[in-house]
Amino acid sequence: LEAPSDRCVFLAELLADDLKRNGAPSPAHRAVEGSANICRLISPAAQPIGAAELPERAGEEAYSIRIGSGGVVIAGGGRAGLLHGVQTLVQLVRANSRGGALPCLVIRDWPSLRWRCFQNDLTRGPSARIETLERQLALGALLKMNLFTYYMEHQYAFTRHPEIGPPDGSLTPGELRRLVECGRPAGVEILGNQQSFGHMGHILKHERYAELRE
């Protein structure tokens, strides 16, 4: 796999597990200097193929994929587009691989919406741990979502109000910073979602805050 030097390892790792499940070896990767948002997955003995043209008026998130007998070439309108193209290749490997091969094709794709957000309801569902949020983030990125938020009323380890968060289900500041760092290379931003006012039942049940109840 050839890719820009600042993303080469991440993109190779993104493909490795699904290629392995389909009987292909993990791709050796080689970083290519420069700012071009091009990724190639080719056999050393294959004839090189060129990238398909990007859609007209392509933005940064647009991409094209060309799969031919000589391998795969992905072109992105920007960093996000190249990432989306590799994610689509992962989906093709999962759904369209037959006998270890993919059909020859050309895909040109781009989003209609700038922000594509998904949410985990931490409070009215199971109280997710950081590992679960990271798995959800990776799945959302695969589906080209780029914003992740969590509905949270009280499951936070408040430094000055330690009695609010349950001891077995509170996210810490360090864990939320870790989630932000996990989302950065995957192209997913994290939007904090701390509920208040009408959603304070779990907070106001404590005697310390009784005077704030209505």
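Reader: Is R7 buried or exposed?

Author: R7 is buried, with a relative accessible area of 11%. Buried means under 20% relative accessible area, exposed over 50%, and partly exposed in between, with a 1.4 Å probe and protein chains only. The model is predicted, so local features need pLDDT of at least 70 and side-chain atom pairs count only at pLDDT 80 or more, whereas totals for chains, interfaces and linings use all residues. Residues are numbered from 1 along each chain as its sequence is written, and side-chain values use heavy atoms, leaving out hydrogens and water.

Reader: Where is R7 found, and which residues does R7 touch?

Author: R7 is found in the loop between strand 1 (2-4) and helix 1. Helices (H or I, at least four residues) and strands (E, at least two) are DSSP runs numbered from the N terminus. With residues up to four places away in sequence left out, R7 touches N37, R79 and L82; contact means heavy atoms within 4.5 Å. The side chain of R7 also makes a polar contact with the side chain of D6, at 3.0 Å. A polar contact is a pair of N or O atoms within 3.5 Å; within protein, one must be able to donate a hydrogen and the other to accept it, and residues adjacent in sequence count only if both atoms are side-chain atoms.

Reader: How many residues has the largest nonpolar core?

Author: A nonpolar core is a set of buried Ala, Val, Leu, Ile, Met, Phe, Trp, Tyr and Cys residues joined through side-chain atoms within 4.5 Å. Here the largest has 21 residues, and L1, L15, C39, I74 and L89 have the most contacts inside it. Two or more residues of this core come from each of helix 1 (8-21), strand 4 (63-68), strand 5 (71-76) and helix 2 (79-96). Helix 2 gives the largest share, seven residues. Beyond four places in sequence, L89 touches L15, L41, I65, I67, V72, I74 and L102. A second, separate core has 16 residues, including L133, Y156, A186 and V188.

Reader: How are helix 1 and helix 2 placed relative to each other?

Author: Their axes come within 9 Å and cross at roughly 5°. Axes are lines fitted to C-alpha atoms, for helices over the stretch in contact, and angles run from 0 to 180 degrees between N-to-C directions. The two helices are therefore roughly parallel, since angles under 35 degrees count as roughly parallel, over 145 as roughly antiparallel, 65 to 115 as roughly perpendicular and the rest as oblique. Helix 1 makes the contact through F10, L11, L14, L15, D18, L19 and R21. On helix 2 the contact residues are L82, L83, V86, Q87, L89, V90, V93 and R94. Among the buried residues of helix 2 are L82, L83, V86, Q87, L89, V90 and V93.

Reader: What span should helix 3 have?

Author: The expected span of a helix is 1.5 Å times one less than its number of residues. The 13 residues of helix 3 should span 18 Å, and its end C-alpha atoms are 19 Å apart, which agrees. Helix 2, with 18 residues, reaches 25 Å from its first C-alpha to its last, close to the 26 Å expected. In helix 3, the residues I130, L133, E134, L137, G140, A141 and L142 are buried. Their cover includes helix 2, strand 7 (117-121), strand 8, helix 4 (173-186) and strand 9.

Reader: Which residues are in contact with N146?

Author: N146 lies in the loop between helix 3 and strand 8 and is buried, with a relative accessible area of 5%. A polar atom of the N146 side chain lies 2.8 Å from the backbone oxygen of R114, and the N146 side chain reaches the backbone nitrogen of R116 at 2.8 Å. Leaving aside neighbours within four places in sequence, N146 is in contact with E61, R114, W115, R116, G187, V188 and E189.
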